[in-house]
Amino acid sequence: MSIEIDTRPIWVILLLKALRPAFYLAVVLIFWGLIAMPTPEGLSIEGQRAIAIFAVCLILWVSNIVPLAITSIFAIVLVPVLGVLPKKETYALFGNEAVFFILGAFILAGAVMHSGISNRLALNIMKRFGGSPRTLLISVFLLSAFLSFFMSEHAVAAMLFPIVLEIAKGLGLKPGKSNYGKLLFFALAWGCVIGGVATFLGGARVPLAVGMLKETTGDTIGFLDYSVAVFPLVVILLAAGYLILTRFFPIDIEGVGSARAVLERRIKGLGKLSVIEYATGTVLVFTIIGWITLGEGFGLATVALTSVVVLFVFKLVKWKDIEEYVNWGIILMYGGAIVLGAALDKSGAAAWLVKSSVGNWAGSPWMAFALFSFLSILLTAAMSNAAVIAVLLPVSLGLASKLSMDPAVLTYAIAVPAGLDFMFPMGTPAIAIAASSNYINVKESAKGGFIMFITAWVVFNLVAAWWWPLIGMGYSR
Amino acid sequence: MKKKTYLHNPATLKIDLMLRGTRIDDPVVKAWACGSAGVDIMLPEKTLVNIPCREEFTRNSPYLIKKKGSGYLITDGASDVEVSLVEKPSFYNRRTTTGVPFSNIASVHGSYTVITPSPRCDFFNRSVECKYCAGNFDVTGREGVVYSVEEVLEAVEAVLKEKASGIIYFSIGFSDNDDGGLGFLKPYILAVKKSFNCLVAVEALPPKKNHWIDETYALGADSILYNLEIFDRELFEIICPGRATLIGQKRYFEALEHAAKVFPNGTVASHLIVGLEPPGSTCMGVDYLSGIGVVPILPIYRPSANRALRIEPLDTEIILPVYKHLYKSIKKNKINVNWVRDISMVTTPVELKSIVSGEKQKSIVDGFYNSRLGKKTAWGLATLRRKLRVIDRDDDSE
């Protein structure tokens, strides 16, 4: 158990505890006020109720006072109870393809990690390319990014963390003082963050956004299309990240001989490549090929779940081993977010919200793109990236038709920046994991992260303006 | 010179009795004391004392317990005072379902019942045991019998049913683990807290890291004791070689200071044995401990034939100022004195009030603390405090 004792005066604790019920009461009053107020012109009664549910979920998601998944379940309950959508339709939305794609991706990532092949790959790459302080740093940075193309960035950070920590200790780097120690852990965290936006697999947020897009408009984004669209962003951010890091923290060690000894010892401990590692790696490769070639026809979830079945048929993994890798909370959260998004759309609430709020500022497609991408990257610094999508996407999709924009473009505008938190541990677990090493602190993370935050937003908008037209994408339909 | 008498102040009498012991001529009391560390007597003003009666030094004691009518009195030859014998709990005569006598598992010392689930202390195994110790609370070097959680639970149930005392006091000897013995005691503490509404005290060795102290509190311990025993550094190293080399006095201070921040005011305590170091040194220890929010508890060293460590001469006139100093120091540092009370083996701060200020020991407030309602309130407040203070990070929202 991980215990902490609150040693503040007891009256302070009591006061803070009392804030929680007071907060809930305020939420109930806001909800009641939104339901009971006269229905504004142009909004249906169902739309008004959908907005009330959205407001409550927005407050709960942002405050994180209850787990994200529980807020989503609350939304699923309220939507049929308040008659926004019929109950059959509400629960059917939970069967969305995106939810099952995420489930399949979790199981695949779990199988890959459990087999040990990802660990072996990481160790060998670091050993192969990590001959000097500079190349070892680049290896950690690029490896974190590369692995996050195929697995959840959180899982990659958790998997590489003990290896990087052992390297730092092996090199005798002092926590909080050594520049190279800071570089290694920033490289781990930022590599995961940047790599995590490269494909559908880096995090479940892109599948969620695509799921909501499909549910609302019927449009979708292909696995390969997405990666091609964001590829320049990933490359530029990796280069910028490396430059910013080495400028902030110049390399302060001469050699990495002892780190190589650590890597060699770990590689030796793995033994020879097992049949299970071979087979799991092969399944993963075929799955990626399947997503690229068959994803549009059969659906990404179908390909993912087929691979899951193959893994179990050939006994490459056991259910017991997989369970710890499946984040059921995220799956519930996404299901609820899709239900809420559909409720806002079908009740006309999303369109009304856009008309009466952001619609006035976002007068042109590029302005809408810039505004939503900025809101997304800003909010993700303080909120879970899934919550950012759940909050912003329904509103943005409402705006798309008003401005004759391609809704898929606005989906990119929110889904991609939602994964780009470089500043705070609460925004993404990759930063939190790196910060737990004590080699870096929140102040340093915020300082360097702020520059990356600005860089990422500017580069993303430039990529959208210059690269996307070259590959046949544009703001407008 | 007229011989000084302590019979008229129960607190000073308690100190003098613990220092000199008593002789017994009544066969009933002799039988009563047989096999025990001393005889438990209730002095006036409900002052409980455990008087040594078997040790060599008690043969020259001026005190004698005599029968008078249906009651008893203690005389010093010149005058006397009426006392009563503290009945041994009836559960002492019963056994657990596995056949272990309850008296082997639980030992009542006033408001506390001491339970030592394992007698093992690795100081003995490494020949670095404390020089004064020949098995405090039955702790030795051998593996011995380890009582199961179920046996301990049966014993605790018997204690609480009989209302023999309200606080269960777990003690453990040294083991070379990071946790100071908490890992071993954990299932016992959890089981007692789960099954009964009682307060739990833990006497252990300081763990290597402070998070174990946090965990001790989170598990349900309401009070913690890391017994320093001796404040003077050189004497500490000589008399307690295991504690000095394997833990270190510095770690004791750190652990106690941290515990005082985590546990409620007045529930973190540490023994300083009177008689093993000069009184001035004990006073310095008292000031240091109370300065960091710890209750110093001053047991009096009981020498035996092969443990003649005592600083001589030691008599009540010499050590009484130490106890007065203790009371003043505790008051000065605003330490709650209501937790450490009604213990037969040591003089408690509440009892010292009458020595310093001449006031009666027991007030209405004291009566409340001893009442059933008072005990329930103490347990409820302790539980509420824990609920408010302990944050389980595993239980976070996401």
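Asn438(A) is exposed, because 12 other C-beta atoms lie within 10 Å. On this scale a residue is buried if 20 or more other C-beta atoms lie within 10 Å of its own, exposed if 12 or fewer, and partly exposed in between, the C-beta atoms being placed from the backbone. Asn438(A) is found in the loop between α21 (429-435) and α22 (442-470) of chain A. Its phi is near 75°, a positive value in a residue other than glycine. Most residues other than glycine have a negative phi.

Before I continue, a note on the basis of these remarks. This is a predicted model, in which local features need pLDDT of at least 70 and side-chain atom pairs count only at pLDDT 80 or more, while totals for chains, interfaces and linings use all residues. Residues are numbered from 1 along each chain as its sequence is written, with chains lettered from A and ligands numbered from 1 in the order in which they are written. Helices (H or I, at least four residues) and strands (E, at least two) are DSSP runs, numbered from the N terminus.

Glu45(B) is not a glycine, yet has a positive phi of about 55°. It sits in the loop between β2 (39-43) and β3 (47-51) of chain B. Glu45(B) is partly exposed, because 13 other C-beta atoms lie within 10 Å.

Two strands pair if DSSP finds at least two bridges between them. Strands β4 (residues 64-68) and β5 (residues 71-75) of chain B run antiparallel and are joined by five bridges; within β5(B), Leu73(B) is the bridge partner of Lys66(B). Two residues lie between these strands, and Gly69(B) in this hairpin has a positive phi near 60°. β5(B) also pairs with β6 (residues 80-85) of chain B, in the antiparallel sense, over four bridges. Here Thr75(B) has Asp80(B) in β6(B) as its bridge partner. This hairpin has four residues between the strands, and Gly77(B) takes a positive phi near 100°.

Chain B also holds an open sheet of seven strands with mixed pairing, in the order β7-β8-β9-β10-β11-β12-β13. The edges are β7 (106-109) and β13 (295-297) of chain B; each has a single partner strand, so one side of each is left without a neighbour in the sheet. From one strand to the next the twist averages 25°, where axes are lines fitted to C-alpha atoms, for helices over the stretch in contact, and angles run from 0 to 180 degrees between N-to-C directions. Within chain B, β9 (residues 167-171) and β10 (residues 199-204) run parallel, joined by five bridges, and Phe170(B) stands opposite Val202(B) in β10(B).

Finally, how do the two chains meet? In total, 16 residues of chain A are in contact (C-beta atoms, placed from the backbone, within 7 Å) with 16 residues of chain B. On the side of chain A that touches chain B, β1 (3-5) and α1 of chain A are the elements that give two or more residues. The largest share, four residues, comes from α1(A). β1(A) pairs with strand β14 (residues 390-392) of chain B in the antiparallel sense over three bridges, and Ile3(A) has Asp392(B) in β14(B) as its bridge partner. As for α1(A), the number buried among its 27 residues is zero, so it lies largely in the open.

Note on methods
Two residues are in contact if their C-beta atoms, placed from the backbone, lie within 7 Å.
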